[in-house]
Amino acid sequence: MPAFVIVGAQWGDEGKGKIVHYMSRGADFVVRYQGGNNAGHTVVFDGKKFALHLIPSGILFPRVRNVIGNGLVVSPQAFVDEVRMLESRGVKVRGRLQLSLGAHVILPYHIILDTLREEGGRGIGTTKKGIGPCYEDKVARIGIRICDYLEPETFRGLVKQNLRVRAAELSKVKPLKAIADDVFRDYDRLRRFLAPFCADTSALLGAALAKKKRVLLESAQGAMLDLDFGTYPFVTSSNPISGGACTGAGIAPSAIEGVMGVTKAYTTRVGLGPFPTELEGRVGSYIREVGKEYGTTTGRARRIGWLDLPQLRAAIRVSGINSLAMTKLDTLANIHPIKVCVAYRYQGKRLDVFPVSRRAQLDVEPVYQTFPGFSGDLSGAKRMSDLPVSARGYVEQVERWLKVPVSIVSVGQSRDQTIVRDKRFIWA
Ligand code: IMP
């Protein structure tokens, strides 16, 4: 059963876009299974840079078909903008992109609610794209799906109902009539644009898998932003872990033959919340500047920290990761020494497992092991033997500690800056 999942193994922004793009060449389908346009992938292809938020990066390979699964929350306007952006740059999208009829629709009032919460004293540093409030509606069973959006009568009735439910909060910002006008202003145009893309994508993927087509499933965000296993409540509102691929794409667990986790050679996070290995000071600023650690979606400066093994072990466990891609090894060049968190200390004891409690997640102290750094420009390395000995040693030691092969090492944004160490897990 040829389905393969690529997940973020940290707090998102691990460089999944590049790895998914790399693997897409060998895929028939590339599928997003959760999140929305809170995500941001920067992909460099044929020397051109593409920033994608919603559409899988498989769209850049003409042979590959792409699916936005039922697990996503989709802003019709963001969808249209991204399709148009791709088309204006010569990418053929129509006939190669399907949007699930079961995905939920983000409407302007979800963005108002997200912003209200962020600015109302209980913010967690969201992207303010309306993601959380849209998923809230889904769980409250008042959500509006793409199939509802395509039926004008149904859509109007549901919007009316939802504005009534949210009236107390929304009317603080503007009159409900004005909010409804925002929803309906471009509705007909957007609905007509979306309609030809919409399909029962679970059925489509089921048929593809039955014919032994290769289906690559990609997460947005990362394990530590998972609603169930992340640093709750500082998480996104969906499940980036590999289990989310089943519920968010409508495929069975038995279809999945492998899970690759993507991790940076260090750690970053955006937004608020626990971050045990966070670095303040010169080294953190240096990594941020050299690694261009600013959000693709919001432009926010990312928080920086050392690699965290208890955190990665949690990601490996919950997603069943059986190979890793390590990105941005080149960014660590010229830092002496490099540290890796091998365990935590908590309440006077050693802790090897990432804790569940929010207090413990904040209070754990990292136990570090120190590595000699490495110097020089790694960005031209094509194979492991091109890397400085201590850079190689760093990758090999991490692999030994985690007991999972590091199949890919990435030393730059473009496709040729990718070292493949273990072909068994590669579809390129
Ligand atoms: P939301 O997904 O906009 O609700 O934001 C919830 C949390 O997830 C915040 O900490 C965001 O910064 C974080 N987040 C959402 N999308 C991404 C992403 O693509 N990369 C990194 N962090 C993200």
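Residues are numbered from 1 along each chain as its sequence is written, and side-chain values use heavy atoms, with hydrogens and water left out. Because the model is predicted, local features need pLDDT of at least 70 and side-chain atom pairs count only at pLDDT 80 or more, while totals for chains, interfaces and linings use all residues.

Ten strands form an open sheet with mixed pairing, in the order E9-E7-E5-E2-E10-E1-E11-E15-E19-E20. Strand E9 (198-199) and strand E20 (418-420) each have a single partner strand and stand at the edges, so one side of each is left without a neighbour in the sheet. Strands (E, at least two residues) and helices (H or I, at least four residues) are DSSP runs, numbered from the N terminus; two strands pair if DSSP finds at least two bridges between them. E11 and strand E15 (residues 323-327) run parallel and are joined by five bridges, with Gly261 opposite Leu324 in E15.

Within this sheet, strand E10 can be followed on both sides. E1 pairs with E10 in the parallel sense over four bridges, and Val5 stands opposite Leu217 in E10. Strand E2 (residues 29-32) also runs parallel to E10, again joined by four bridges; here Arg32 has Glu218 as its bridge partner. In a regular strand the side chains alternate between the two faces of the sheet. In E10, Val215 and Leu217 point one way, Leu216 and Glu218 the other, and all are buried (buried means under 20% relative accessible area, exposed over 50%, partly exposed in between, with a 1.4 Å probe and protein chains only).

Ser219 lies in the loop between strand E10 (215-218) and helix H11 (243-249). At 0% relative accessibility, Ser219 counts as buried. A polar atom of the Ser219 side chain is 3.2 Å from the backbone nitrogen of Gly8, a polar contact (a pair of N or O atoms within 3.5 Å; within protein, one must be able to donate a hydrogen and the other to accept it, and residues adjacent in sequence count only if both atoms are side-chain atoms). Neighbours within four places in sequence aside, Ser219 has contacts (heavy atoms within 4.5 Å) that include Ile6, Val7, Lys16, Tyr33 and Pro240.

Helix H13 (residues 309-319) is largely enclosed by the rest of the structure, because eight of its eleven residues are buried. Among these are Leu309, Leu312, Ala315 and Ile316. Their cover includes strand E1 (3-8), strand E11 (256-264), strand E16 (338-346) and helix H15 (389-402). At the start of H13, a side-chain oxygen of Asp308 comes to within 3.2 Å of the backbone nitrogen of Gln311. Just after the helix, Gly320 adopts a positive phi of about 65°.

The structure holds zero disulfides (pairs of cysteine sulfur atoms within 2.5 Å). For Cys134, the nearest cysteine sulfur is that of Cys147, 13 Å away. The sulfur of Cys198 is 9.2 Å from its closest counterpart, also in Cys147, too far for a bond. Cys134 is buried at 1% relative accessibility, and Cys198 is buried at 15%.

Finally, 16 residues surround the ligand, the closest being Asp13, Asn38, Thr127, Thr236 and Arg300 (near means a heavy atom within 4 Å). A polar side-chain atom of Asp13 lies 3.0 Å from a ligand nitrogen atom, and one of Asn38 lies 2.8 Å from a ligand oxygen atom. The protein buries 97% of the 470 Å² that the ligand exposes when taken alone (Shrake-Rupley method, 1.4 Å probe; for residues, only the protein chains shown count as cover).
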